[in-house]
Amino acid sequence: MSSLLMGIRSKWSNLFKVEGFPSLIFINILIGTSFSFVLPFTSLFGIDEVGMTNLSFGVFMTISSIANVIVSTYIGKISDGNLSRRSLLIICSLAAAIGYATYAFVRDYYILLIVSSLVLGVASSSLAQIFAYARELLTRSNLPEKDAPLYMNVFRTFFALSWTIGPALGSFILIKLGFQGLYLFVAAIYIITIVSILFFMKNSDDTQEESLQTQSKAPSAPVPLSTIIFQPHILSNLVAFTFIKAATTIGSMNMSQFMIKELHSGKEQIGIVFSIPPIFEIPFMLLTGVLATRIDNRILIRLGMVSAILYFTLLYVASHPWEVYLIQILSAATISITSGVAITYFQNFIPDMPGTATSLYMNTTTIGSMVAFLVFGFTAELYGYRFVNLVCAVLAVASLLLLLAVRKREVRGMA
């Protein structure tokens, strides 16, 4: 155990020696903090603040998701061309600042729908660009390629770190200042992000940009997205991850309503519930990162699906808020795999196009969300918030079965 910890410490130290990585980590934390302020309270904003029904909220988020997929896929494609990721990060952050500033003051359903679909559609690409850029920096460095899953998981832990206090702080701001104050705080974070990109990433980008574009952003012949997506192993994984992302998105949206209206908790407890998984995600991600360098990543991905099944099943039978606190540890295990190792897992499908690969992975979240918002709206409206957790468990089972079926076909094909 001590040798394992020493190895992790050594690799952690090596990561900070990669030129440009410390500034990228700081940007990652800022973006993670903004996410942690927004996502836990999305359904509360739409349903309780704007006055949407469960169904209209589902339609709102579904339309937004479709637009986000189109926009982010296009941005991911051009990011592997001639436009620098630094420039794209500035554009995405500016769009986020404008979008959330609008959310602070506007309560009209259709205006919010336009902002969510188009402006925040551009903003949604920021996370994919951060992770694609991180993979490029690792590829350029002298670090062993086989250790990429571990280093990407270490990078992902900084995103998780921002979630350890973000939701609790977000709930405090929401209670004190309402949604207007919450969204203005998020807009301010993105302004800080823009300033940080301009100053902290300037030197590393200016000296490395040309090399990055030459080595990994200029393939000799552009490959059509349809050719990439419809490769059997890629398509199967995209569908499976869409299912599991739909489950986790539904669970995230449902949690605040489930806690308040089924378990009769207070708003302050919502922040606690959302802050628990990131605390455990950090050691889990480090552990799964090490395991990913030693065993087949497909095994880890399937274990992540099993963890999700257990998580949602236990939520379905939970009857007190303290039980949810404990169950959230399983959420950390699921996220550490399906949002950690999975990034490298997808990037390895098309290693010469990290922007496209990362965007495809991120789009499983967006498309999964598109499915999730409709399922959440109909299920919550007809059967209540507790039953929603059972639906999530079924989606996780479907995801696991699909990956197991794909594996069987691969084995038969090799025989």
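Reader: In which hand does α13 pass α15, right-handed or left-handed?

Author: The crossing of α13 with α15 is right-handed. A crossing is left-handed if the near helix is turned anticlockwise from the far one by less than a right angle, and right-handed if clockwise. The model is a predicted one, in which local features need pLDDT of at least 70 and side-chain atom pairs count only at pLDDT 80 or more, while totals for chains, interfaces and linings use all residues. Residues are numbered from 1 along each chain as its sequence is written, and side-chain values use heavy atoms, with hydrogens and water left out.

Reader: What makes α13 oblique to α15?

Author: The two helices pack at an angle of about 40°, with their axes 7 Å apart. Axes are lines fitted to C-alpha atoms, for helices over the stretch in contact, and angles run from 0 to 180 degrees between N-to-C directions. Angles under 35 degrees count as roughly parallel, over 145 as roughly antiparallel, 65 to 115 as roughly perpendicular and the rest as oblique. The angle of about 40° falls in the rest, so α13 is oblique to α15.

Reader: Which residues make that contact, and how do they divide into nonpolar, polar and charged?

Author: On the α13 side they include Gln-269, Val-273, Phe-280 and Glu-281, and on the α15 side they include Val-324, Tyr-325, Gln-328 and Ala-332. Contact means heavy atoms within 4.5 Å. The residues of the contact divide into 17 nonpolar, 5 polar and 1 charged. Here Ala, Val, Leu, Ile, Met, Phe, Trp, Tyr, Cys and Pro count as nonpolar, Asp, Glu, Lys and Arg as charged, and the others, Gly among them, as polar.

Reader: Why is α14 called roughly antiparallel to α15?

Author: Helix α14 (residues 297-317) and α15 pack at an angle of about 155°, their axes being 8 Å apart. That angle is over 145, so α14 counts as roughly antiparallel to α15. The crossing of α14 with α15 is left-handed. Among the residues that meet there are Leu-300, Leu-303 and Tyr-311 in α14, and Val-324, Ile-327 and Tyr-345 in α15. This contact divides into 16 nonpolar, 6 polar and 1 charged.

Reader: How do you know that Val-273 is buried?

Author: Buried means under 20% relative accessible area, exposed over 50%, and partly exposed in between (1.4 Å probe, protein chains only). Val-273 has a relative accessible area of 0%, so it is buried. Val-273 sits in helix α13 (residues 267-292). Not counting residues up to four places away in sequence, Val-273 touches Met-255, Met-259, Val-324, Tyr-325 and Gln-328.

Reader: What makes Glu-281 buried?

Author: The relative accessible area of Glu-281 is 5%, which is under the 20% limit, so Glu-281 is buried. Glu-281 belongs to helix α13. Leaving aside neighbours within four places in sequence, Glu-281 is in contact with Arg-156, Ala-160, Ala-332, Ile-335 and Ser-336.

Reader: Why is His-264 called exposed?

Author: His-264 has a relative accessible area of 66%, which is over 50%, so the word is exposed. His-264 lies in the loop between α12 and α13. His-264 also has a positive phi of about 60° although it is not a glycine. Most residues other than glycine have a negative phi.

Reader: What makes helix α3 largely enclosed by the rest of the structure?

Author: In helix α3 (residues 42-49), 6 of the 8 residues are buried, so the helix is largely enclosed. The buried residues are Thr-42, Ser-43, Leu-44, Phe-45, Gly-46 and Ile-47. Just after α3, Gly-51 takes a positive phi of about 95°.

Reader: How many helices and strands are in the protein chain?

Author: There are 17 helices and 0 strands. Helices (H or I, at least four residues) and strands (E, at least two) are DSSP runs, numbered from the N terminus. Of the 415 residues in the protein chain, 57% are buried.
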